[in-house]
Amino acid sequence: MVEQRYGAGSRVLVSGGAGFVPSHVVDALLARGCEVTAVDNFVTGSKDNVAHLSAEPRFTLVEADVSEGLPPLPGRFDAVLHMASPASPTDFAKLPLEILKVGSAGTLAMLERAHADRARFLMASTSEAYGDPVVHPQPESYWGNVNPIGVRAVYDEAKRFSEAATMAYHRFHSLDTAIVRIFNTYGPRMRPDDGRAIPTFISQALRGEPITVHGTGDQTRSICYVDDLVRGILLLLDSGETGPVNCGTEHELTMRELAELIVRLAGSDSEVIFVPRTADDPEKRRPDLTLARTLLGYEPEVGPEDGLARTIEYFRA
Ligand code: NAD
């Protein structure tokens, strides 16, 4: 099994550290005893996500746009995690150039810092790298089906560039790198208005408004509770594996099932209605987790009912 490589005494740099997933990664690293520096420009993240760490001496929050290059950060980092990027479909329309920049210039800046420090570099990639997949479930060996000029391309192609850049540093500079392909993840600290299905449905259910399912609602996603994802990311970080490695769950639900489950768990009387579907919205999404299991011993533990109930409680509060 994978032994913990980063703990007390390790210094870790996390871009996007005030975001939904990255702030949970920061919490987990601090819980292990690491010293963590988070760099964020708060374009989609929030200081509130790390407000509970304001008195933590092992945590530093730096406001900066990593696409403009990293600010001077003293000392040497043992690990560099590049997690900064707007990630929701509404961001694709509102922040297309910011997404392209953070996935290109931002990734190169983070890779350069890892290279200078001889740190391990981990890049947060995405199931969107597979586009609208014609292979199901998706193994890491599948090269994907991405429309390079579609509305989602700013995100999908930026992440594919980030993967290519990561592998170039790995091959050319012998940098110790890892790529995690993250599948749909949800949990506390998501923005209610970020446009992704789960926060949208929960907000609508709690307000008693109709749940707006796109298309027929037959399209599927496999949904992962954030604690499971964070465990997978840290296993990959510790493992020394290069990847890419998928991380998520095999709990595949149709959007209609997801909407109905959220209505039930929220105790809501909202009706489910159907609205036009966005362009290039993938039909199916489910990770092949064979690599994560065999290389990392990863196994998701939180089922959708449990994870959604916890997330609904967070939104209610
Ligand atoms: P998020 O928007 O909550 O977090 C991203 C963070 O990056 C935010 O705090 C944002 O302010 C910051 N950021 C963006 N551009 C920046 C820049 N130029 N400089 C500094 N900071 C910047 O989104 P999330 O869902 O937590 O996603 C985190 C990472 O995981 C992203 O890289 C995303 O692509 C990846 N990912 C997430 C999911 C998911 O289901 N949540 C799925 C696949 C991949």
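Trainee: Which residue of strand 5 is the bridge partner of His-82?

Mentor: The partner of His-82 in strand 5 is Met-123. Helices (H or I, at least four residues) and strands (E, at least two) are DSSP runs, numbered from the N terminus, and two strands pair if DSSP finds at least two bridges between them. Here strand 4 (residues 79–82) and strand 5 run parallel and are joined by 4 bridges. Before we proceed, note that this is a predicted model, in which local features need pLDDT of at least 70 and side-chain atom pairs count only at pLDDT 80 or more, whereas totals for chains, interfaces and linings use all residues. Residues are numbered from 1 along each chain as its sequence is written, and side-chain values use heavy atoms, with hydrogens and water left out.

Trainee: With which strand does strand 5 pair over 6 bridges?

Mentor: That is strand 6 (residues 177–182), and the pairing is again parallel.

Trainee: In what order do the strands of the open sheet lie?

Mentor: The open sheet has 7 strands in the order 3-2-1-4-5-6-11, with parallel pairing. Its edges are strand 3 (59–63) and strand 11, each of which pairs on one side only. On average, neighbouring strands are turned by 20° against each other, direction ignored. Elsewhere in this order, strand 1 (residues 11–15) is paired in parallel with strand 2 (residues 35–40) through 5 bridges, and Ser-15 stands opposite Val-39 of strand 2.

Trainee: Why is strand 5 described as largely enclosed?

Mentor: The criterion is relative accessible area: buried means under 20%, exposed over 50%, and partly exposed in between (1.4 Å probe, protein chains only). In strand 5 (residues 120–126), 7 of the 7 residues are buried, so the strand is largely enclosed by the rest of the structure. Both of its faces are covered, with Arg-120, Leu-122, Ala-124 and Thr-126 buried on one side, and Phe-121, Met-123 and Ser-125 buried on the other.

Trainee: Where is Ser-127 found, and with which residues is Ser-127 in contact?

Mentor: Ser-127 is in the loop between strand 5 and helix 4, and is buried at 2% relative accessibility. Contact means heavy atoms within 4.5 Å. Leaving aside neighbours within four places in sequence, Ser-127 contacts Arg-181, Ile-182, Phe-183, Asn-184 and Arg-285.

Trainee: At what angle do helix 1 and helix 6 pack?

Mentor: The axes used are lines fitted to C-alpha atoms, for helices over the stretch in contact, and angles run from 0 to 180 degrees between N-to-C directions. Helix 1 (residues 20–31) and helix 6 (residues 226–239) pack at about 60°, with axes 10 Å apart. Helix 1 is therefore oblique to helix 6; angles under 35 degrees count as roughly parallel, over 145 as roughly antiparallel, 65 to 115 as roughly perpendicular and the rest as oblique. The contact involves Phe-20, Val-21, His-24, Val-25, Ala-28 and Leu-29 of helix 1, together with Val-226, Leu-229, Val-230, Ile-233, Leu-234 and Leu-237 of helix 6. Helix 1 also lies across strand 1, strand 2, strand 3 and strand 4, running at about 170° to strand 1.

Trainee: How far apart are the axes of helix 5 and helix 7?

Mentor: They are 9 Å apart, and helix 5 packs against helix 7 (residues 255–265) at about 40°. The contact is formed by Ala-197, Ile-198, Phe-201, Ile-202 and Ala-205 of helix 5 and by Met-255, Leu-258, Ala-259 and Ile-262 of helix 7.

Trainee: Which backbone values deserve attention?

Mentor: Most residues other than glycine have a negative phi, and most peptide bonds are trans. The bond from His-136 to Pro-137 is cis, with omega near -10°, and Pro-137 lies in the loop between strand 5 and helix 4 (153–173). Gly-243 and Pro-244 are likewise joined by a cis peptide bond, with omega about 5°; Pro-244 is in the loop between helix 6 and strand 11 (245–247).

Trainee: Is Ser-174, with its phi near 55°, buried or exposed?

Mentor: Ser-174 is exposed, with a relative accessible area of 55%, and lies in the loop between helix 4 and strand 6. Arg-189 has a positive phi of about 85°, but counts as buried at 16% relative accessibility. Arg-189 is in the loop between strand 7 (185–186) and helix 5 (197–207).
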